[in-house]
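Student: I have a structure to go through before class. Could you help me read it step by step?

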Amino acid sequence: HISDSRFLKNTIDAYMRDVTAFLAYISPKMSLEEIKVSDLNHYFNKELTSYANSSKNRILVSLRYFFNYLESHFGTPNPTAKMQKFDEGEKLPKTMSKKDVSILLDGSSDTPKEVLDKAVFELIYGSGLRASEVCTIKLNDLSLDERRIKIHGKGDKDRIVPLSDMSVKRIYEYLPVRDLWNKKKSSLLFINKQGNKLNREYIHA
């Protein structure tokens, strides 16, 4: 199983952390289909100025895997293909094999709607959330590497809810779908194909 190895689990955690941080940065600005090499260069050179080149290279590897997945499954342009590694005198770090990434991300047997439904289902039944709460979760409420999510409840009371490994996996599988649907630059985690907020009727259907 993909989480049996501590090394692989740590690698996956780092991968999710890298990609989630990039999505939180880029989503309010543009869709994934609009990203160019210049946008990536700006992210690395302006947003990650305090990072060592070795750390930048690890993040670059994570983003390459992510965009390779989007390109092969959804035909999204891959701006990382033209990115050069940052000079550190070593090869790019080897993280996950293609097989590992496929295990983690591959939802090719599911339609985008089914990927969404599975992520919603896992949060409701795996973490005990209300349908109304799931509808209002924002992307920046997520902390996938720490396996938790902030829930805004009634009376402006927030609480931290732990996420199961399966919930993390399902959410991560859904993120590429969200970005393809998110033409309206929504800050919500769960949206429909039109980029609109889900409602309780959809969840209970």
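Tutor: We shall go through some helices, salt bridges and backbone angles in turn.

Student: Before that, what kind of model is it, and how are residues numbered?

Tutor: This is a predicted model, in which local features need pLDDT of at least 70 and side-chain atom pairs count only at pLDDT 80 or more, while totals for chains, interfaces and linings use all residues. Residues are numbered from 1 along each chain as its sequence is written, and side-chain values use heavy atoms, with hydrogens and water left out.

Student: Let me start with L63. Where does L63 lie?

Tutor: L63 is part of helix α3, which covers residues 53-74. Helices (H or I, at least four residues) and strands (E, at least two) are DSSP runs, numbered from the N terminus.

Student: Is L63 buried or exposed?

Tutor: L63 is buried, as its relative accessible area is 0%. Buried means under 20% relative accessible area, exposed means over 50%, and partly exposed lies in between, using a 1.4 Å probe and protein chains only.

Student: Which residues does L63 touch?

Tutor: Leaving aside residues up to four places away in sequence, L63 touches V19, F22, L40, F44 and T80. A contact means heavy atoms within 4.5 Å.

Student: And how far apart are L63 and Y15?

Tutor: In sequence L63 and Y15 are 48 residues apart, and in space they are 8.3 Å apart, C-alpha to C-alpha.

Student: What is the span of α3 from its first C-alpha to its last?

Tutor: The 22 residues of α3 reach 30 Å, close to the 32 Å expected at 1.5 Å a residue. The expected span is 1.5 Å times one less than the number of residues in the helix. Several residues of α3 are buried, among them I59, L60, V61, F66 and F67. Just after α3, G75 takes a positive phi of about 75°.

Student: New topic: how many salt bridges does the structure hold?

Tutor: The structure holds 9 salt bridges. A salt bridge is a side-chain nitrogen of Lys or Arg within 4 Å of a carboxyl oxygen of Asp or Glu.

Student: Which parts does the pair of K185 and E34 tie together?

Tutor: The side chains of K185 and E34 meet in a salt bridge at 3.9 Å, N to O. K185 lies in the loop between α7 (165-181) and α8 (200-204), and E34 lies in the loop between α1 (6-26) and α2 (37-47), so the pair ties together parts that are 151 residues apart in sequence. K185 is partly exposed at 30% relative accessibility, and E34 is partly exposed at 39%.

Student: What about K113 and D117?

Tutor: K113 and D117 form a salt bridge, with their closest N and O atoms 2.8 Å apart. They are 4 residues apart in helix α5 (residues 112-127), and are therefore separated by about one helical turn. An α-helix has 3.6 residues a turn, so residues three or four places apart point the same way. K113 is partly exposed, with a relative accessible area of 45%, and D117 is partly exposed as well, at 28%.

Student: Which residues are linked in a network of salt bridges?

Tutor: R130, E133 and R159 are linked in such a network. Between R130 and E133, the closest N and O atoms are 2.6 Å apart. R130 is partly exposed, at 47%, whereas E133 is buried, at 4% relative accessibility.

Student: Going back to α5, how do α5 and α7 cross?

Tutor: Their axes come within 8 Å and cross at roughly 140°. Axes are lines fitted to C-alpha atoms, for helices over the stretch in contact, and angles run from 0 to 180 degrees between N-to-C directions. The two helices are therefore oblique to each other. Angles under 35 degrees count as roughly parallel, over 145 as roughly antiparallel, 65 to 115 as roughly perpendicular, and the rest as oblique.

Student: Which residues make that contact?

Tutor: They include L116, A119 and L123 of α5, and I171, Y174 and W181 of α7. L116, A119 and L123 are among the buried residues of α5.

Student: Last one: what is the phi of R147?

Tutor: Phi of R147 is near 55°, a positive value in a residue other than glycine. R147 is in the loop between β1 (142-143) and β2 (148-152). K185 is not a glycine either, and has a positive phi of about 60°. Most residues other than glycine have a negative phi.
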